[in-house]
Structure formats: structure tokens, C-alpha cells
2 protein chains.
Amino acid sequence: MARRVAIVGVGYTKFGEQWERSLRDLSTEAGAFALADSKLDGKDIQALYVGNMSAGRFIGQEHLGALAADHAGLTPIPATRFEAACASGALAFKNACIAIESGRHDVIMAAGAEKMTDLKGTDAIATLMGAGDQEWESSIGLTFTGLYALIARRHMARYGTTREQMAMVSVNNHKNGVLNERAQFRYDVTVDQVLKSPMISDPLTLLDCSPITDGAAAVILASEDVARKLENPIWVLSTQQATDALALHDRASLTELNATRVAARKAYQETGLGHKDIDIAEVHDCFSINEIIALEDLGFCEKGQGGRFVEEGRMARGGEIPTNTTGGLKSVGHPVGATGIRQLADLTMQLRGNYGPMQVSGVNIGLALNIGGSGATAVVSILANPDAKLKR
Amino acid sequence: MARRVAIVGVGYTKFGEQWERSLRDLSTEAGAFALADSKLDGKDIQALYVGNMSAGRFIGQEHLGALAADHAGLTPIPATRFEAACASGALAFKNACIAIESGRHDVIMAAGAEKMTDLKGTDAIATLMGAGDQEWESSIGLTFTGLYALIARRHMARYGTTREQMAMVSVNNHKNGVLNERAQFRYDVTVDQVLKSPMISDPLTLLDCSPITDGAAAVILASEDVARKLENPIWVLSTQQATDALALHDRASLTELNATRVAARKAYQETGLGHKDIDIAEVHDCFSINEIIALEDLGFCEKGQGGRFVEEGRMARGGEIPTNTTGGLKSVGHPVGATGIRQLADLTMQLRGNYGPMQVSGVNIGLALNIGGSGATAVVSILANPDAKLKR
């Protein structure tokens with residue numbers, strides 16, 4: 001049997017427009033935060049797994065594994081970059097888990113970073129379209145907001161999801177982000193403000209969209225033997241991944257992300273858990289519609305009922321499944337390669353039970369959903385603290 | 001103990017300038033070749049691991065794992081892209097091995113691909129510098145030939161390595177490549193031709209440099225249980241990786257690549273083998289000087305003796321350690337993300353013992369060295385056929 005894996009240290013930088021800092025600064029800082037949190041030493045780190053989407057285009061730098069090891073003073077340990085668009089972070093994490101499961105390493109740092117603001121806005125938008133299908137989507141001028149607008153329109157037409165319900169996702173996540181001192185946007189917005197903000201791609205307005213962000217996040221993973229000697233290990237019960245067609249027109253449906261459904265089914269099967277066992281979730285709200293679809297595809301509500309679920313506040317703090325309680329991509333920001341790791345770092349802090357004003361009480365099992373592009377990649381991870389009552 | 005892994009299928013496309021074909025065409029073709037070679041079916045493939053350096057800049061396309069799974073008709077299986085500059089292919093391979101070792105999968109396709117000729121030459125050169133240090137090297141106008149020229153000059157000054165010895169690397173690899181029908185350049189060159197070819201970065205001339213290439217390669221990996229039911233499994237004895245400082249000025253020495261030395265030491269330790277046990281090698285001759293340094297760092301000769309070793313033909317067919325017998329990066333071509341997989345595919349064919357006119361007789365254990373950038377990443381893999389007499 002594969003060995004068990006725990007998260008034993010987490011950290012992330014301030015997210016936002018960080019003109020004065022480089023990708024290497026941000027990565028090193030996030031790693032240092034996670035290392036300090038773990039009480040381990042740099043020499044304990046046996047490998048470095050780095051998630052990044054597009055530093056080649058954002059800052060003219062590939063080869064980010066070696067760069068991160070170099071600047072953290074960790075050479076000659078193995079260091080590799082993992083990429084699946086906005087799901088790059090979760091895949092660095094997943095592959096690090098596998099390396100510990102295999103027995104190859106006992107302690108690994110999995111990090112994610114993106115420095116997006118060095119490009120001007122239109123170039124950043126073109127760069128992000130590298131996550132879509134170059135031959136069929138970006139080549140005809142589609143943007144990512146455009147892709148999700150098509151998905152939103154279809155969801156509205158098929159299930160009666162309303163514009164206001166989508167806006168409520170942003171309202172909830174901004175409200176949560178006010179509490180998060182590392183979030184990019186720490187202010188409340190109203191449904192009316194979301195609806196009246198500038199139209200980006202009908203029906204999605206500016207406040208339906210996650211921002212362009214600089215930031216980095218890191219988690220330290222350890223084998224069971226190491227983790228049991230440290231405080232507060234949070235166990236990785238499962239991390240599963242699935243793919244779908246890159247271009248929207250090749251999908252069976254526009255109103256669900258099949259990759260999420262497959263990855264979630266595998267994670268639930270592996271753990272013996274169902275959606276009702278999940279106490280808290282971090283999901284991929286790159287655009288408001290995507291949180292609604294995620295709530296459905298993860299099984300928290302029936303397909304087509306996500307809008308109503310949001311409207312009834314069932315994903316809010318104190319609701320059935322508190323979601324994006326630290327602000328989500330909308331408020332914390334979305335440095336694409338870092339987001340998957342940031343979600344896991346936040347979930348870990350929640351499951352430890354001492355996350356200050358952000359803490360949701362009584363949470364033992366958490367789920368993170370990190371999505372690449374318009375859904376061609378999805379990664380579902382389930383974490384638990386030692387108090388969780390598990391079936392397996 | 002971790003499970004054993006075997007290579008059970010290999011394939012690669014024609015390498016060269018392929019104006020009429022896209023990255024997705026090349027990737028799918030290489031995968032189909034490897035699948036046919038394995039006698040397995042597409043539905044047997046449980047995950048897809050893709051090495052690619054810089055498709056974001058070369059063709060405006062990231063998210064290559066999902067793209068490859070999509071175009072091969074393999075969704076929703078997990079698919080991820082791995083990047084460490086020119087060592088991206090070997091890292092897709094290494095991570096696939098780990099996933100089988102862990103028990104997570106039994107059959108994985110590891111592929112590598114790069115489509116480089118869609119950019120004009122100067123843009124391609126700038127893109128390749130993403131493998132170096134953006135802040136300290138590319139920002140001041142250094143090119144990759146420039147980096148290796150600095151290494152070559154230092155090696156010449158310290159050890160008396162001659163310009164002619166470097167040229168002999170190209171002569172040998174072109175001679176081997178004549179036999180390889182998938183090679184980009186199938187013609188002999190002479191020392192005189194190498195020396196008189198256009199100067200790129202003193203002392204390296206055009207014929208010291210590997211070319212800009214389009215191409216893709218794939219290998220299919222299987223667990224021991226699966227492999228034993230198939231013909232001709234080639235066992236992966238070890239695959240090890242190490243890092244070094246990204247910028248040359250931060251290295252302890254310019255005349256060795258410490259990452260190669262560390263990775264080789266780990267691979268020799270893991271297998272209980274020494275350099276004398278290796279029957280055949282594929283090494284990373286992105287520039288002629290790099291093969292000389294590789295022969296030293298892998299232990300095939302003493303440090304500083306690589307030039308003489310080449311001059312005496314000890315790395316040629318029929319020499320002590322036949323090296324790059326299928327043409328190397330110089331003659332086969334160097335589609336950067338594909339090269340690490342192409343080396344392993346060629347080594348596998350040699351170890352099977354029926355590689356037509358390219359076959360080197362009596363080879364049972366082979367080594368591949370794939371290097372990222374100017375040496376900030378190195379991956380050493382050791383393969384063996386069932387006839388190999390192993391100590392462990």
C-alpha cells in the first residue's frame with residue numbers, strides 16, 4: 001500500500017499588484033513562510049515541486065524548478081515545474097504526494113507562483129488564453145471571460161440561473177475576503193455594484209471576474225513517520241485529477257465540467273466519503289458562474305440548482321458547506337500557478353482550527369477544487385485533521 | 001519497497017522542420033507509434049505525462065497535458081505537463097516512473113514534444129533563453145550558444161581541450177545520424193567543415209550547435225505485472241535528478257555540471273552500478289562541448305580528459321562507451337521538450353537488440369543524460385534489458 005501523506009507547513013505571500021517584487025522574491029518568501037510554519041529546516045526539504053502556468057510569457061523565464069531551488073538555497077535537490085494552466089499548483093501538490101507515497105522522498109515542498117502584472121493588460125489576457133485551445137479559441141479572438149460567458153449563458157438558458165445569483169457569489173467571496181489580510185481586495189461589494197460594474201463579456205461584469213494577481217504559496221508535505229513527530233499534521237486523504245476536451249465545442253455539455261465530476265467521483269471513492277461528509281470547501285471561482293457549477297459538480301446540490309443554492313446562502317459561513325471562506329479567487333486574487341496551493345494552504349489552516357477571524361468552527365474534513373482553463377483539467381483534493389471520523 | 005517499472009513501447013516522429021504539421025499532430029503521432037509498438041490499446045493508458053519547454057511562447061499554447069489527452073482521445077485520464085527547459089522530457093518520464101512505483105497507475109504514456117519552427121529564428125533564440133536566468137543572463141543579451149561558449153573557453157583554458165576535439169563530437173554524431181531515418185541531418189561532416197562553418201559564439205560554430213527542430217517522442221511505462229506479459233520489456237533501473245544555480249556566475253565551476261555529477265552518483269548508488277557497467281549512452285550534446293563535459297561528469301573519463309577521449313574515438317561505435325549512436329541532438333535534432341524522451345526511446349531500441357543498421361551489438365545496460373538549460377537541471381536514467389547481469 002502507498003504511504004500516507006500529511007501537510008505539515010503552509011504559507012503564502014500577500015496577493016495583489018506587487019510592482020516592486022519579482023517572481024523569485026515571491027516564491028522564496030512563500031517557501032520561507034511554509035518552512036517556518038512547519039518547524040523544519042531547509043536541509044530537511046528533499047525535493048521542490050513548483051506550479052506555474054506561464055512565466056515564459058509573463059516574465060521571460062522558464063525552468064522555474066531550478067530557479068526556485070537556486071534562490072531558496074536548496075540546490076542540488078530535484079526541482080520540477082508542473083503546468084496545467086490555472087490547475088498548475090494542485091498538480092505540483094498531487095505529484096509531490098505521489099513521490100512521498102512511492103517512498104522516494106519523505107519531505108517535499110510544493111509551491112505555486114505567478115507574476116502577472118509585468119505584462120500590460122491585453123498581453124496578460126492573451127497569455128491566459130494559452131490555457132484554452134489555440135487553434136480553435138484564442139486564434140479567433142476568444143478571451144477567458146468570453147469562454148465562461150458562453151458557459152454562463154447556457155446555464156442561464158437551461159436552468160434559469162439568474163444574473164443576480166451569479167453576483168451573489170462575488171458578494172459572498174468579497175465579504176469573506178475582508179477578513180483575510182493577504183487578500184487582494186478587502187472590501188464588500190453589493191449585488192447592485194456587481195451588476196453595474198463594467199461589462200466584460202456579457203453576462204459577466206468586472207466584479208464577476210477574478211483579478212490579475214502577483215503571488216506565491218507553498219505547502220510542506222511529509223510522510224506519516226515524519227508528520228507524526230510534528231504538530232498539527234493535516235492528512236491528505238485523496239488528490240485526484242481528470243481531463244476534458246480543451247475546446248468548449250468538443251464537450252458533451254457546457255453546463256457541467258466533466259473533469260470536475262470525474263475527479264470528485266474518484267476522490268469520494270478513494271476516501272469512502274460523500275459530499276455530505278465535507279465540512280468546508282475551497283473551490284475555483286475564477287468567474288462567478290464557475291463557483292455555481294462547481295457546487296453542482298461536486299455534489300453539494302443538484303445539477304442546475306447551484307444558483308438557488310447560492311441565493312439561499314447555503315455556501316456561506318454558517319451554511320451547509322462554507323465555501324471560499326478565505327475570499328476565493330475573486331477576493332484573495334488569482335496568481336494562476338499559485339492558486340491551487342493557496343487553496344490547500346487555507347484549507348489546512350481551517351482544519352487546524354486556529355485561523356483567527358477567518359476560522360469556521362467545527363471543521364474536520366475539507367475539499368479543494370482547482371480548475372485549469374475552462375475545465376479541461378480539474379483536481380480535487382480532500383484533507384482531514386486528526387479529529388475527523390473516517391470510514392477508511 | 002517501490003514497484004519496478006519497465007518501458008514496454010516507444011516511438012518518435014521524424015525530427016526536422018515540419019511546416020505542415022502542428023504540435024498536436026506531432027504529439028498524437030508519437031503516441032500512436034509508441035502504443036502500436038507496445039501492443040497495448042489506448043484504453044490501457046491510465047495517465048499521460050507530457051514534457052514540453054515553451055509551447056506558450058513557441059505557439060501560444062499552454063495546458064499541454066489536457067491538449068494531448070484530448071487529441072489522443074484519452075480524456076478523462078489525468079494528463080500533466082512537466083517543464084525543466086531541455087530536460088522536460090526526462091522529467092515527464094521520471095514522474096511517470098514514480099507514479100507507477102507508488103502503485104497509483106500500472107500503465108502510463110510519457111511523451112515529449114516541441115514545435116519550434118513557427119517562430120522566426122531570433123524569437124526562437126529569445127524563447128530558448130527562458131531556460132537561463134532572465135534577470136542575470138537573458139536581460140543582458142546572452143544567448144544559449146553564448147553560455148556554452150563561456151563554458152567551452154574555460155574548459156579549453158583549464159584543460160587544454162582543443163577546438164578540433166569539439167568538432168570531432170559533431171563529426172561522430174553526424175556519422176551516426178546518417179543511419180537514422182528520423183534524424184534531421186543525415187549527412188557526414190568533417191572537422192574542417194565544422195571549423196569553417198559560420199561562427200555563432202566564439203569558439204562555437206554553426207556545426208557545434210544542435211538545431212531548431214519540430215518533433216515528438218513517446219514511451220509507454222508499465223508496472224512489473226503488466227510488463228511481464230508483454231514482449232521485450234526494458235527495465236528502468238534508476239532515474240535521478242539534480243539541480244544547480246541557474247546563472248553561470250553562481251556556479252562553483254564552469255568546467256563541470258554539478259547537477260550531472262550528483263544525478264549520476266545517485267543513479268549509480270541506486271543501481272549498484274559504476275560507469276564501467278554501462279554499455280551504451282545517450283548524452284545531451286546540445287553543443288559539442290557539452291558532450292565532452294558529460295563524458296567526464298558521468299565518469300567515463302577523468303575530469304579534463306573528455307577532449308582526448310573523443311579524439312581517441314573511445315565514445316564512437318566500437319569504442320569503450322558508444323555514445324549518441326543514433327545521432328545525438330546534433331544530428332537527430334533537438335525539439336527541446338521531446339529530446340529526453342527520444343533519448344530513452346532510442347536507448348530502449350538499442351537494448352532490445354534489434355535496431356536495424358543502428359544496432360550496437362551486445363549492449364545490456366544503457367544510460368541517458370538529459371540536461372536543462374546550461375546545466376541547472378540534469379536527469380540521469382539507467383535502463384537494462386533482461387540479459388543484464390545486475391548486482392541488485
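## Basis of the values

The model is predicted, so local features need pLDDT of at least 70 and side-chain atom pairs count only at pLDDT 80 or more, while totals for chains, interfaces and linings use all residues. Residues are numbered from 1 along each chain as its sequence is written, chains are lettered from A and ligands numbered from 1 in the order in which they are written, and side-chain values use heavy atoms, with hydrogens and water left out.

## Extent of the interface

Of the area that chain A buries against chain B, 17% comes from A:His63, A:Glu83 and A:Arg104, more than from any other three residues.

Across this interface, 37 residue pairs are in polar contact, both residues being at pLDDT 80 or more. A polar contact is a pair of N or O atoms within 3.5 Å; within protein, one must be able to donate a hydrogen and the other to accept it, and residues adjacent in sequence count only if both atoms are side-chain atoms. Helices (H or I, at least four residues) and strands (E, at least two) are DSSP runs, numbered from the N terminus.

## The paired β3 strands

Strands β3(A) and β3(B) run antiparallel and are joined by three bridges; two strands pair if DSSP finds at least two bridges between them. The bridge partner of A:Arg81 in β3(B) is B:Glu83. These two residues also form a salt bridge, with the closest N and O atoms 3.1 Å apart. A salt bridge is a side-chain nitrogen of Lys or Arg within 4 Å of a carboxyl oxygen of Asp or Glu.

A:Glu83 forms a salt bridge with B:Arg81, again with 3.1 Å between the closest N and O atoms. This pair crosses between chains, from β3 (residues 79-83) of chain A to β3 (residues 79-83) of chain B. A:Glu83 is buried at a relative accessible area of 1%, and B:Arg81 is buried at 0%. Buried means under 20% relative accessible area, exposed over 50%, and partly exposed in between (1.4 Å probe, protein chains only). Between chain A and chain B the count is eight salt bridges.

## Salt bridges within the chains

Over all chains, the whole structure has 52 salt bridges. In chain B, Asp106 and Arg3 form one, with the closest N and O atoms 2.9 Å apart. B:Asp106 lies in the loop between α4 (88-101) and β4 (107-115) and B:Arg3 in the segment before β1 (5-12), so the pair ties together parts that are 103 residues apart in sequence. B:Asp106 is partly exposed at 28%, as is B:Arg3 at 30%.

B:Arg163 and B:Asp208 meet in a salt bridge at 2.3 Å, N to O. Because B:Arg163 lies in helix α7 (residues 163-177) and B:Asp208 in the loop between β6 (204-205) and β7 (214-223), this pair ties together parts that are 45 residues apart in sequence. B:Arg163 counts as buried at 14%, and B:Asp208 is buried at 1%.

In chain A, salt bridges with shared partners join A:Glu256, A:Arg261, A:Glu296, A:Asp297 and A:Lys303 into one network.

Terms used
Buried area is the accessible area (1.4 Å probe) that two parts lose on being put together, summed over both.
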